[in-house]
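Please keep the sequence and the model in view while reading.

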2 protein chains.
Amino acid sequence: MIVHDAAIMPALDVPEWARASHFTDIESPGVEYAFLRACRGESTPFTPVWLMRQAGRYLPEYRRIRERLSFLDLCRDSQTAAEVTVGTVRKLGVDAAIIFADILLPLLPMGLGLEFAKGEGPHVERPIRGIADVERLPNVSVAETLAFVGETIALTKAELRGVAPVIGFAGAPFTVASYAIEGGSSRNFTETKKLMYREPRVWHGLMAYITELTSAYLRMQIEAGADAVQLFDSWVGCLSPGDYVDYVLPYTQQVIASLRSSVPVIYFGTMTAGLLDVIRMTGADVVGVDWRIDLDEARDRLGENVAIQGNFDPVKLFAEPAEIRKGAREILARMEGRPGHIFNLGHGVLPGTPVDGVLALIDAVHAYDRR
Amino acid sequence: MIVHDAAIMPALDVPEWARASHFTDIESPGVEYAFLRACRGESTPFTPVWLMRQAGRYLPEYRRIRERLSFLDLCRDSQTAAEVTVGTVRKLGVDAAIIFADILLPLLPMGLGLEFAKGEGPHVERPIRGIADVERLPNVSVAETLAFVGETIALTKAELRGVAPVIGFAGAPFTVASYAIEGGSSRNFTETKKLMYREPRVWHGLMAYITELTSAYLRMQIEAGADAVQLFDSWVGCLSPGDYVDYVLPYTQQVIASLRSSVPVIYFGTMTAGLLDVIRMTGADVVGVDWRIDLDEARDRLGENVAIQGNFDPVKLFAEPAEIRKGAREILARMEGRPGHIFNLGHGVLPGTPVDGVLALIDAVHAYDRR
């Protein structure tokens, strides 16, 4: 059980009604968290909201912790990772906790030399470029090597019981593969696509391996108590619909199918406005979209059987609070009367984002249903 | 009149039928270039094809010229710029020439200190960040300061008369503004959007200025002989549809309206799958889309009154020729029986692209209608 350390991550002045909104669920026995109801497309008394990277570099409390702990050390320190997760939920008054971790952690047991250089993002020392690199990949138990993530989930869950559900997550096979191949972030994904087009044996071997690993990793997180899981396919929008179907869809489907509907699965990507027809085939319960499409249009294309998450432009959090509130209301108005909407950004909170902007957004979402 | 210098840019082994396809137009008096017919949504005997950045770093002939001339010096040297333009058309057998220039040339008379550092892309020394920067912008005649672009067009046009139409171009106001504000290329366009959201006076002042400049610049190109013009709004896909309407659409419309339908206008952007409904309102004759949406779906959303250009993934040019041909056929099959399709990439040819891949693509497009 975590004792929440107010000195590290102080609970903030969240308006009373916003706090109360979390507790709606537990104060009425038999009623579930709004977030989980929305994941299943059920009606909710208010639109639940959480933010990708809600515990991130924009928070002074987080930056202070990072002064003494590297990014990876913080991920591995389940106690502190859980404190960061929980403290953020209490500070922001969001309706779900997402565990503090990274989409690329599964690259650690793969032995490719993953590093997070300060201020430079992830770097993979020995990227995958040929069949020998794939054949060399170790046979590992991710449940053991990444057990610390399960521990973080268990600690968070114990602390937040009755307050907010806990979301586990992993990178989706395509996005993890793209980092493993490019060696870091990329603009055009040239190496990834070259492998895809020219070396199908290498591509499919790598994707099959990552799919197994990701499935086991998410099952471990669910066993540890995750109430939902999100698959981050952040860069999948670099693909054409046809290439998505040929090279990626079977693996996304396989990961999701392996979880056997034990908890809701959110599938998130950016630049996917033209991919929604094929993303619908993944089997995800919820699809997360960015701001590059109107949310009602995205919903139309996904169909009513899939819930939707998004789609506030994270850069708009740099605007004045009045503009932020207006933007939030526009999105909410588009989804009026259509259950199955989880409010979120269209991508993670950016470093440098004003905390006041984030609080204004969450407030605006919660205020909407109390007009 | 340019004497085509075969030593600089040798005419290549283009198959006889592909060569002939250009000439279809002039050999039958009264029949126009297939490219221009397609721009107007009229039927064509074959699907015309040209490639963004068709004269680029991937070509050894071009790299040799760049050994003695900087990028900007090459743009300013109309004779050589026209040779590069014409030589590429002859080498590739494409159905349109796009003038050798850069979307950011209008930043030169704006006096912001534009530079093209070797291998690093454009850099703006004094980016726009406040109202004083906008008020300081000079009152310039772009027709005079960028007269060399008109000269390049006139020289190219004279050389290619009866062979291929000549496309002039400019950056669209949003994309030019984003470079002027960010100071270079950007991932999240944070500074651009901050200005947009927080400093509307600065934003609208800058956009109005660039709109005037761009309109005059394109009118000059049309007077010099451009048969069509393309507005490159390469990064407009970083915006939500709502922000596009509020902050960008009026300026795009104004540029296009100022040309008074004198020649077809192509409006191109990437990551626009969710923006097509608002892009339809620009008044463009042709809309260029990337590979992130199926072309028939994009066409459906734009309506039959607008022609469409795209949408082959430029990274697929790194694939084996058989895979390239297959990809080309898939796009052509989607547009079967629907006139108003100009085959192109979804973005520019990348440095390092195999020339054989480019030739295979053009061949596949021309071969399709001769099956």
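**Paired strands and a helix contact**

In β6(B), the residue F268(B) is the bridge partner of F232(B). The model is a predicted one.

**Strand β6 of chain B and its partners**

- Strand β5 of chain B, residues 228-232, pairs with β6(B) in the parallel sense over 4 bridges.
- Within it, Y267(B) has V287(B) of β7(B) as its bridge partner.

**Strand β8 of chain B and its partners**

- Strand β8 of chain B, residues 307-312, is mostly covered, with 6 of its 6 residues buried.
- β7(B) pairs with β8(B) in the parallel sense over 3 bridges. In β8(B), Q309(B) stands opposite G288(B).
- A right-handed β-α-β unit is made by β7(B), helix α15 of chain B (residues 295-302) and β8(B).
- β8(B) pairs as well with strand β9 of chain B, residues 341-345, again in the parallel sense, over 5 bridges. The bridge partner of N311(B) in β9(B) is N344(B).
- Another right-handed β-α-β unit consists of β8(B), helix α16 of chain B (residues 321-334) and β9(B).

**Two helices of chain A**

- Helix α10 of chain A, residues 173-182, packs against helix α11 of chain A, residues 190-198, at an angle of about 105 degrees, and their axes are 8 Å apart.
- Angles of 65 to 115 degrees count as roughly perpendicular, and α10(A) and α11(A) are therefore roughly perpendicular to each other.
- On the side of α10(A), the contact is made by A177(A), S178(A), I181(A) and E182(A). On the side of α11(A), the contributing residues are E191(A), T192(A) and L195(A).
- Sorted by class, this contact of α10(A) with α11(A) has 3 nonpolar, 2 polar and 2 charged residues.

How values were computed:
Residues numbered from 1 in each chain as written. Chains lettered and ligands numbered in written order. Predicted model: local features only at pLDDT ≥ 70, side-chain atom pairs only at ≥ 80, totals over all residues. Pairing = 2+ DSSP bridges. Axes fitted to C-alpha atoms, helices over the stretch in contact; angles between N-to-C directions. Parallel < 35°, antiparallel > 145°, perpendicular 65-115°, else oblique. Contact = placed C-beta atoms within 7 Å. Nonpolar A, V, L, I, M, F, W, Y, C, P; charged D, E, K, R; others polar. Buried ≥ 20, exposed ≤ 12 C-beta atoms within 10 Å, placed from the backbone. Right-handed = clockwise from strand over helix to strand, strands pointing away.
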